[in-house]
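This report goes through a protein model part by part. Please have the sequence and the coordinates open while reading.

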Amino acid sequence: MIKSQKKATSHEKSVIESARALLYEQALVYYEGKPIGAVAAIPQRPSRFEKGAASTLDLNYTEVFIRDNVPVMIYFLVDGKAEIVRDFLDTCLSLQSDTFETAGVFPTSFTEHQGSLVADYGQRAIGRVASVDASLWWPILAYIYVQRSGDRAWACQPRVQLGLRRFLGLILHPWFRDAPTLQVPDGAFMIDRPLDVWGAPLEIQTLLHGALLSSAGLIQIDLEAKGCCGLLGQSCTERPKLDDFTEQQVVQFRQTISWVKRLRNYLLKHYWVNTKSVQVLRRRPTEQYGDSIVNEHNIQVETIPHWLQNWMGNEGGYLIGNIRTGRPDFRFFTLGNCLGAIFDVLSPFQQQSLFQLISQNRVDLIGQMPMRICHPPLEDTDWRKKTGYDRKNLPWCYHNGGHWPCLLWFLAIAVLRHQQRHSPLREMAILEVLQSSYELLLQRLPQQGWAEYFDGPTGLWTGQQARLNQTWTITGLLLMHHLLRVNPADARIMDLPDLRTLIKLYR
Ligand code: GLC
């Protein structure tokens with residue numbers, strides 16, 4: 001167990017104090033007199049090199065992004081500021097789209113303009129990308145807020161339950177395929193530019209898993225308050241007549257649980273790899289047809305890269321980046337994997353294999369700046385063809401193998417929560433990785449202006465186009481400090497409803 005009592009040095013204290021001052025005094029956005037979220041990056045005066053480029057300097061970084069506010073809201077919860085989180089959730093809910101084409105979608109970002117809120121659902125974003133992750137994060141954050149604050153009455157409000165109903169309507173409907181994964185265009189999540197992450201990218205699927213569990217948990221709270229929870233196990237012919245709204249809640253609850261069950265099985269079957277499963281994959285026949293086949297996505301052995309052998313070794317395992325017909329993506333994506341552990345898509349044993357993989361590849365994934373967003377980067381022809389010559393995503397830069405300090409706290413939650421909830425760690429190296437990574441952040445972030453991301457194979461250089469004073473960089477460090485030094489037990493804050501318990505309710 002990491003010692004929370006380790007004595008803070010004066011350097012650590014002053015870095016934490018300045019991070020808190022940046023967050024509370026400069027990053028918050030106010031609407032009708034109340035804070036409703038934080039900007040993506042605190043605006044800077046342009047340096048002498050940047051004069052003249054000032055109008056493009058901030059782009060939309062002064063807006064409140066739902067995804068960038070995830071660490072901010074988690075920090076407010078552990079810091080006893082639950083009312084800001086409630087106001088943030090309410091603001092996002094008031095901006096949930098109700099037009100026919102996009103009903104249920106939450107905005108990527110929003111901003112205050114001349115006294116009203118203006119939202120971006122992708123219609124103003126660079127490349128007009130749609131941020132599917134924003135919609136998936138809302139129910140997750142809402143569930144975490146209710147659990148932490150005990151404010152069940154908030155969850156029982158009709159407008160909250162209506163928001164969930166609209167959200168679930170986006171997922172629970174017929175489509176052209178029967179897989180339980182969510183299909184999205186390129187750049188639909190934190191990686192919001194083309195990087196060959198279209199189809200069923202991991203981060204979207206682990207978020208979907210979390211969002212479905214959270215939605216079911218929030219519906220359950222309302223049904224309990226209405227005394228209807230016992231009806232969840234009854235089919236529509238067995239249960240008494242309910243009002244239309246409650247009937248719809250029961251139907252959606254049941255569909256959600258069956259969806260999330262299929263999704264978890266699917267992810268473990270098609271995305272999870274370790275040395276054993278890769279050897280099975282390599283020997284599978286191709287061109288199979290019909291029901292009982294072993295190579296459903298018709299994957300050729302040449303698509304399995306050789307670097308996997310060294311990278312996984314005998315003990316490591318992880319969820320691959322994407323599954324598509326004939327074209328699996330074996331890149332390692334940090335956030336999708338951490339969320340796979342935090343939301344218990346992965347079994348406790350698999351979580352340990354993931355931690356093993358991360359510590360044995362710390363040179364790649366941590367380097368000089370924890371953590372790399374994905375590994376390995378797309379290079380040469382792949383970079384040209386798959387990113388469309390995107391200069392921001394050059395190899396080892398930005399999303400394409402760059403290092404993002406805002407990712408480390410997700411790993412800390414995954415590891416510390418595993419220790420508290422599941423079993424002792426098979427191997428303690430990952431704790432040392434967390435500790436030394438935190439010390440690296442303490443040293444480097446203030447020196448390098450709390451940059452958004454870092455470039456190069458070790459992440460030593462400030463990202464070529466990185467914003468400074470990036471809010472999720474600042475809060476990422478505050479969360480690391482909280483988890484390692486103040487209260488490691490708060491690693492349980494992202495615990496979502498347990499799938500097995502939910503299944504029992506509707507049997
Ligand atoms: C960049 C990142 C995106 C983030 C946004 C605001 O576009 O790729 O993930 O939400 O900046 O910080």
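Does Phe-189 count as buried or exposed, and what is the relative accessibility of Phe-189? At 1% relative accessibility, Phe-189 counts as buried; buried means under 20% relative accessible area, exposed over 50% and partly exposed in between, with a 1.4 Å probe and protein chains only. The model is predicted: local features need pLDDT of at least 70, side-chain atom pairs count only at pLDDT 80 or more, and totals for chains, interfaces and linings use all residues. Residues are numbered from 1 along each chain as its sequence is written, and side-chain values use heavy atoms, with hydrogens and water left out.

**Phe-189 and its surroundings**

Phe-189 lies in the loop between helix 7 (158-169) and helix 8 (202-225). Helices (H or I, at least four residues) are DSSP runs, numbered from the N terminus. Neighbours within four places in sequence aside, Phe-189 is in contact with Arg-67, Asp-133, Val-197, Pro-201, Glu-203 and Ile-204, where contact means heavy atoms within 4.5 Å. From Phe-189 to Val-129 the C-alpha distance is 9.1 Å, although 60 residues separate the two in sequence.

**The ligand**

Residues near the ligand (one heavy atom within 4 Å) are Ala-40, Tyr-61, Phe-65, Arg-67, Asp-68, Met-190, Asp-192, Tyr-398, His-399, Glu-452, Gln-470 and Trp-472.

| Residue | Part of residue | Distance |
|---|---|---|
| Tyr-61 | side chain | 3.3 Å |
| Met-190 | backbone | 2.7 Å |
| His-399 | side chain | 2.7 Å |

A charge sits over a ring if NZ of Lys or CZ of Arg is within 6 Å of the ring centre and within 35 degrees of the ring normal. Arg-426 likewise lies over the face of Phe-349, at 4.4 Å from the ring centre.

**Aromatic pairs**

Rings of Phe, Tyr and Trp (its six-membered ring) pair if their centres lie within 6.5 Å; planes under 30 degrees apart count as stacked, over 60 as edge-to-face and the rest as tilted. By this rule there are 16 aromatic pairs. In one of them, the ring centres of Trp-137 and Phe-410 are 6.4 Å apart and the planes are at 35°, so the pair is tilted. Trp-137 belongs to helix 5 (residues 132-149) and Phe-410 to helix 16 (residues 408-421), so this pair ties together parts that are 273 residues apart in sequence. Trp-137 is buried at 3% relative accessibility, and Phe-410 is buried with a relative accessible area of 6%.

Trp-404 and Trp-472 form an edge-to-face pair, because their planes stand at 85° with ring centres 6.2 Å apart. Trp-404 is in the loop between helix 15 (380-387) and helix 16, while Trp-472 is in helix 18 (residues 471-486), so the pair ties together parts that are 68 residues apart in sequence. Both Trp-404 and Trp-472 are buried. One aromatic cluster consists of Phe-106, Trp-138, Tyr-145 and Trp-154.

Helix 16, which holds Phe-410, has 14 residues and reaches 20 Å from its first C-alpha to its last, close to the 20 Å expected at 1.5 Å a residue. The expected span is 1.5 Å times one less than the number of residues. Twelve of the 14 residues of helix 16 are buried, among them Trp-409, Arg-417, His-418 and Gln-419. The buried residues of helix 16 pack against helix 3 (69-78), helix 5, helix 12 (334-342), helix 13, helix 17 (429-447) and helix 18.

Helix 4 (residues 82-94) has 13 residues and should span 18 Å, which agrees with the 18 Å between its end C-alpha atoms. Its buried residues include Asp-87, Phe-88, Asp-90 and Cys-92.

Ser-359 is found in helix 13 (residues 348-360) and is buried, with a relative accessible area of 10%. Beyond neighbours within four places in sequence, Ser-359 is in contact with Ala-429, Ile-430 and Val-433.

Glu-12, in helix 1 (residues 10-27), counts as buried at 3% relative accessibility.

Terms used:
Helices (H or I, at least four residues) and strands (E, at least two) are DSSP runs, numbered from the N terminus. A polar contact is a pair of N or O atoms within 3.5 Å; within protein, one must be able to donate a hydrogen and the other to accept it, and residues adjacent in sequence count only if both atoms are side-chain atoms.
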